[in-house]
Amino acid sequence: MFMGRKSKGFFLILLFASFATNSTFQKCSKNCHSSRCENLKSLGRRERKQLLKKDEYEGRRQIWEERYGSFKALQITFRAGPRNLSPEETRRLYHSLLPRSLLGLYEMGLMNPEELAPLAYKARIAAKEYARSRCVWTARLATTVFDQYRNLRDKKRFGSSSMSWEEIYQKYEAQIVREECTKALEQGSQKKIRRDENFTMRIYVRILERSCTTNQAFDSLFLRNKEGDSSYLADISSQLENDVRSILLGPKDDAKALRKQRRILRRQLRIGRREKKKHRKVKKKKWRKKREELKFELHEKVEAMNRVTAETSSVNYWKVISLLASAHRDFKGK
């Protein structure tokens, strides 16, 4: 097809505009990159390292959130699946999706709680929504009715059952303040509560720990059997743990985490062996004590039997003598 002069002119204007926008974008990106490089150069070595580490963590965090940070992300990662799980299976699925691996990173000292607490909060909400989406419709209806009742009771309104990040932070902040006040009253001190870095760390740690705990009343209600068909759930939890290490940690930190995990496993094995040895020793002591008691009882029984036999034998002997004496008297009388 042949284009007219007007269309050719319009096409050339479009080409020129796109070229101009691309060149300006490249210039802006170059300018931004150069300004960033200059800012990095102006900083000290430690500050530069911290800034780069922060940027790297932000990228890793974004990748992790795309996989596990929301209900849609979990649907993409583990697929939507059929909605036919029983309440017990749903509860087990919820337990396996809880962010315990994030708590493990804090316990091993690989990441700070202020980095992990927001991720744990998002992961818990996503786990709850995904587990409920896989349940049968009757259980889903019952949970929504209960959530709305709880919202009406606590917040005096209908709405989403999960609390926002600000509400969660304020809740645990008030909880820690209350604990400190009760402790101060018990000790009789009048110290003021310092809202320093240590205090905020305690709030983040509390959020992280509570994100991995569940309601014991619901667990006792639904999880009646201690063990179920856990092959699928074990795969989910192992995938979560591996992805947490591979995404959120760098290669050095990942190797460090594996080494620490092996040390913890060895320590647990050693503790298990020691406990078994102690149990065996206690068993041996009990068995020896029982054996001695049985020996003593047997010895007493033998002695009692010997006494009885001796008494009976002496009685029989005197009976025989008396019979012989009476017989002798009768014979003489005759």
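Student: A pocket is an open set of points on a 1 Å grid over the protein atoms alone, where a 1.4 Å probe fits, with protein on both sides within 12 Å along at least five of seven lines; lining residues have an atom within 4 Å of a point. Which residues lie nearest the centre of the largest pocket?

Tutor: Tyr94, Arg124, Lys128, Arg132 and Arg150 lie nearest its centre, out of 35 lining residues. This is a predicted model, where local features need pLDDT of at least 70 and side-chain atom pairs count only at pLDDT 80 or more, while totals for chains, interfaces and linings use all residues. Residues are numbered from 1 along each chain as its sequence is written, and side-chain values use heavy atoms, leaving out hydrogens and water.

Student: How much space lies in the largest pocket?

Tutor: About 1,200 Å³, where volume is the space filled by probe spheres set on the points, joined across faces, edges and corners.

Student: Which helix gives the most to its lining?

Tutor: α7 does, with nine residues. At least two residues each come from α4 (87-97), α6, α7 (137-154), α8 (165-187), α9 (197-210) and α10 (216-222). Helices here are DSSP runs (H or I, at least four residues), numbered from the N terminus.

Student: And by class, what is in that lining?

Tutor: The pocket lining has 15 nonpolar, nine polar and eleven charged residues. Asp, Glu, Lys and Arg count as charged, Ala, Val, Leu, Ile, Met, Phe, Trp, Tyr, Cys and Pro as nonpolar, and the others, Gly among them, as polar.

Student: Switching to cavities. How many are there of 30 Å³ or more?

Tutor: One; a cavity is a set of points where the probe fits but cannot get out. The largest cavity holds about 60 Å³.

Student: What lines it?

Tutor: Trp64, Tyr68, Leu74, Leu97, Pro99, Ser101, Ala123, Ala126, Leu240 and Val244. Two or more of the lining residues come from each of α2 (45-68), α6 (113-133) and α11 (231-248). The cavity lining has nine nonpolar residues, one polar and no charged.

Student: Now helix packing. How do α8 and α9 pack?

Tutor: At about 115°, with axes 9 Å apart; axes are lines fitted to C-alpha atoms over the stretch in contact, and angles run from 0 to 180 degrees between N-to-C directions. α8 and α9 are therefore roughly perpendicular (65 to 115 degrees).

Student: Which residues make that contact?

Tutor: With contact meaning heavy atoms within 4.5 Å, α8 residues include Trp165, Tyr169 and Glu173, and α9 residues include Phe199, Arg202 and Tyr204. The contact of α8 with α9 has ten nonpolar, two polar and six charged residues.

Student: What about α5 and α11?

Tutor: α5 (residues 100-107) packs on α11 at about 50°, with the axes 9 Å apart. Ser101, Leu102 and Leu105 of α5 meet Leu240, Glu241, Val244 and Leu248 of α11. That contact of α5 with α11 divides into five nonpolar, one polar and one charged.

Methods
Parallel < 35°, antiparallel > 145°, perpendicular 65-115°, else oblique.
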